Amino acid sequence: MAVRPITVIGHKALHSPTKRVKEVTDEIRTLVDDMFDTMEAAEGVGLAANQVGSRLRIFVWDCPVEGQQEHSRGVVVNPVLERLGTPAPLDEDEDGEGCLSVPGEWFPLARHPRARVTGTDLDGNEVVVQGEGLLARCLQHETDHLDGYLYVDRLTGPLKTEAREAVKDRGWAADGILKWDPSTTEASKV
C-alpha cells in the first residue's frame, strides 16, 4: 500500500466523468488500498479515484457520524447518488466544505441534508450508504468528483468569485502545479 499524489484543481482528470468498473481486478484492489492510505495521510474524509489519477468510478470514505463513536468507512464501486430532502438556506458558518484537490481552501456550500449512495463493494456485494450531515455532504462531494465536478464548481455569486480568486492566488495552474503529495505536502508539476 502507498500514498499517491492528489490531483489539484486545473487538472483535466477532475473535470471529466469517470468510467464504470466492469470487473474488480487485483490492480483495482491495490488502488483502493492506496486510496485509503492517501486519504488518511491527507487527513480527508473521502477520496475519489480521479483525485489520484484513475478514471474509474470508485470512491472511499472514512467519515465521522454525529452522535456515534464509530466512523462510517468504506468503498463504493459504481456509485449512484440520491440527494434527499431540500437544502436549507446557506449558513456560511455551518456549511463549510473543503477538498483535497483544492487544498487549503474552505467555502460554504449548501447541500441536501441527506443522501443515499448505492453501488457495490470490491466483492460485488450491494452497498447502500445513507447519511445526513457531514456523511451526506461527503457522499454528494465524492460522487460529484466522479461526475467531473469540484465543489467550487457548485458555488454561486460572490462565493464563486472568491473561490476563483483564491485558486488564482495559489497559482497552481499558472505554475503548472497539478498534484501534491500528502505524505510530504509537496506540490509537483506532473
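Contact here means heavy atoms within 4.5 Å.

## Basis

This is a predicted model: local features need pLDDT of at least 70, side-chain atom pairs count only at pLDDT 80 or more, and totals for chains, interfaces and linings use all residues. Residues are numbered from 1 along each chain as its sequence is written, and side-chain values use heavy atoms, without hydrogens and water.

## Nonpolar cores

A nonpolar core is a set of buried Ala, Val, Leu, Ile, Met, Phe, Trp, Tyr and Cys residues joined through side-chain atoms within 4.5 Å. Buried means under 20% relative accessible area, exposed over 50%, and partly exposed in between (1.4 Å probe, protein chains only).

The largest core has 36 residues; Val 32, Ile 58, Val 60, Val 102 and Val 152 touch the most other members. Helix H1 (26-41), strands E3 (58-64) and E4 (71-84), and helix H3 (157-170) each supply at least two of its residues. H1 gives the largest share, six residues. Helices (H or I, at least four residues) and strands (E, at least two) are DSSP runs, numbered from the N terminus.

Leaving aside neighbours within four places in sequence, Ile 58 is in contact with residues including Val 21, Ile 28, Val 32, Ala 48, Val 76 and Leu 146. A second, separate core of 16 residues includes Trp 61, Val 65, Leu 81 and Val 129.

## Helix H3

Leu 159, Ala 163, Ala 166 and Val 167 are the buried residues of H3. They fall within an arc of 95 degrees seen down the helix axis, so they line one face. The arc is that of the directions from the axis to the C-beta atoms. Strand E6 (106-108) is included in what covers them.

On the other side of H3, Pro 158, Arg 164, Lys 168 and Asp 169 are exposed. Just after H3, Gly 171 takes a positive phi of about 75 degrees.
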